[in-house]
Amino acid sequence: MKHRRHAVLIALVLAFLTLLTACGTGREEPIESGVDGESPTTGVSSGSRTDLIIGLSTDILSLDPQAGLASNDFNVHMQIYGNLLKYDENGQIVPYLADVFEISEDELVWTFKIKQGVLFSNGEELTADDAVFTFDRLSQNTSFAGVFAYIAEYSAIDEYTFEIRLNKPYFILKYLLADSKYAILNREAVESGGENWANDPVGTGPYKLSEWSTGEEIVLVRNEAYNLSELPPIETIHYKIITDANTMAVALQSGDIDFVGGTGIAASLVSQFASNPDYTVLFSANSAYEFLNLNTQKAPFDNLVVRQAIAHAIDKDSIILMAAEGNGVKADTQLADGVFGYDSTIEGYEYNPEKAKELLTEAGYADGFSMTIYTVGARINICEIIQSQLAEIGINVSCEPLDLGAFLATISSGDYDANMMGLGLSYPEGESLLNPMFESSSAYNWCGFTSAEIDELILAVQSSGDDEYRQECYSELLTILRDDCPQIPLYYSMTNMTFDSSLNVPYVPVLNLYRVEDMSWKS
Amino acid sequence: MLKYIVRRLLIMLPIILGIIFIVFSILEFTPGDPVSMILGQDATPELIKLKREELGLNKPFLTRYITYVLDIVRGDFGTMYASGNSVGEAIARRLPVTLELSILSILLAVIVGIPLGVLSAVKQYSIIDIFSILFAMILSAMPGFWLGLMLILIFSTKLGLFPSFGVGDGLISFILPCITLSATYTAVIVRMTRSCMLEVINQDYVRTARAKGATESHIIGKHALRNAMLPVLTTVGMYFGALMGGAVIAETVFSLPGLGTLLVSGITAKDTPTVLGCVTVIATSISLINLSVDVAYAYIDPRIKAQYASMGLVKVKVRKRK
């Protein structure tokens, strides 16, 4: 009797489990494991594939390009919308929706001749009025108030000519116009769509929205009305949202996704793909910069010799090896190769602990001192390495990780010794980093360093269109920053694009902002 | 019974209000400014001030608290600071996922744990008993994050049986996350059921029933189990709360669009409407589940029903002997 009871129980449990697995098989294609190093296929030959599955590390905030905050937002917006200017495959700014782009002699009038016959995905033709509408909308958004302080007025001179009048020269604008936040919107679509117009976004880009299941997936399909160039080979893009870095790597390994862009696969996991011929990893190291800031307003860091001593005590190569698994490029100055303004002739402080100790003694701190370094998130690893390196010269460091909000609040109060952080570039020019980090009134000036000379130089690079002159200014800026040493540049972290080798990705895009229209499956 | 339920619901209101006040205070008085994070590198003091006005963050603490509570009562959870997206909509989309995850996890734990616990109590010190205890210990020692990734590696990558992320495949998508989440709770149920059963089996009335000639399965199934279930039911209420919160881990590892991840991202961004919305919904769910558990007690255990009756909250029919 007892046995029968137990048998029934066991049978029930087994039945329940079988029921769960049988309920819809879920997988349409057989998944082959990628563990043996074999290329995961979907059973369909790569040549006939017309879809691309991209892993996205966070969901996007909105399909309104002006609400974009993070690189994942920009990546998606770029496929749907178009701008007056764009980056070409070499990272140069070229006209895109505009045929011709001119800046007047006095450098204050920017004229764009818009291509004729360009259609939005709703069939409406692109005209200068759409550019005016876009700028109207931008000007009402407080996030762009800083840029609009430079703009005196803008208007449509005729149906296809759009003009911006500045009140002082501001060449950074050309990068901003290529930024997805400044994408041209269609007046018709936004006005008639009301508050939720972004649920059915209308753009001039090669793709348009098919479906957005928040938190799960964004599906884009080819915009058949796209006439700026040939229709792209990839017809459907599935952006799958995978929030955990490990799961993202597993998904790529098992073929559930084909491509990971943005910052790419996490540094600790990328080596398995780099050594596997079925995957291609494209590294770039000029968009994310890590540094150590010293509070020049607080003793003993107000003493140049102390700052230089600390600079000599830091071994950047070890940091790159231990914290970033070798995925980083040592930074001698604030700028990296590939960022305009980079000057390879300017040298940083070489790692020399003896010299560091000498300098400390010279400054009167032969017995060292204590300090706290604030940082955010995973950077605590880097901080701990710095902690042990500074311990060698007698400086007792305590590392304190904070979340971003608390970090910003603490630093803005001025009550800190040092902080270790990273910043990304919004455009491939030095001003993108140097302005927020060193301009006297910037909220992101986290070293308390104010210098009229620096402010002037920053102004100069913003208002000059002469590349040679700008490079001179940057070289001067970097030299001052090296000599005064308010910040110790550590390294540029390597971001990567990792993808199935059957996918043809013709170039490494600037700032990891890829265009799916240029990709195709190899046959 | 209705009177009891209504009274419990009324008590829930001040509790939820209190929770909102506490969380609101915590958000207000911990360092971190949502506006700086939204404006990022372009922030200047003037822009920050403008943005704060735009979002209504320059108004005093109590004004904002009262406005917020009044909005919630009307069902308006507000909009997120960074994107302007509706918090209510986001919660409505994500709550079913977290609820499904939590409820399925509890079900799984109960279905696996109770039979195992009963078996090991009935066959104390046998192989089954030892195996169950071992099983329970191992399960409770496994960290959820690790277990989730291991399951993905084995069942998703190597065997290809289950999806590694997302809710796209329906019920199948919930299997691995449920196993991950229910691990600790299964262990608790096994041990609790086992010890409760052991206690009950050695009671006098069980001996009496045996002496009267009742079959073993009748004794276990009808008498013993019913008594042992009470403590287990208590834990359902407790663990539901833990699961709603702990769902964050499973949701992150398996990329499930649930309430847990929404809450965490709201906290990181110091987005008050999001955090308060999520906390209100989670607190309400937990209170309602606990209420259901208390009501269920009355039906399982006549003694508890009598207790409620003596408080005047439940009408009990007494059959008069003719």
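This report describes the interface between chain B and chain A, and then the cysteines of chain A.

The model is predicted, so that local features need pLDDT of at least 70 and side-chain atom pairs count only at pLDDT 80 or more, while totals for chains, interfaces and linings use all residues. Residues are numbered from 1 along each chain as its sequence is written, chains are lettered from A in the order in which they are written, and side-chain values use heavy atoms, with hydrogens and water left out.

**The interface**

Taking contact as heavy atoms within 4.5 Å, 50 residues of chain B touch 48 residues of chain A. Together the two chains bury about 4,300 Å², of which 66% lies on carbon and sulfur atoms; buried area is the accessible area (1.4 Å probe) that two parts lose on being put together, summed over both. Of the area that chain B buries against chain A, 16% comes from B:Gln41, B:Thr157 and B:Phe165, more than from any other three residues.

| A:Cys383 | A:Cys399 | 4.4 Å |

With buried meaning under 20% relative accessible area (1.4 Å probe, protein chains only), A:Cys383 counts as buried at 0% relative accessibility, and A:Cys473 counts as buried at 3%.

Technical notes. Disulfide = S-S within 2.5 Å. Buried < 20%, exposed > 50% of the residue type's maximum accessible area, 1.4 Å probe, protein only.
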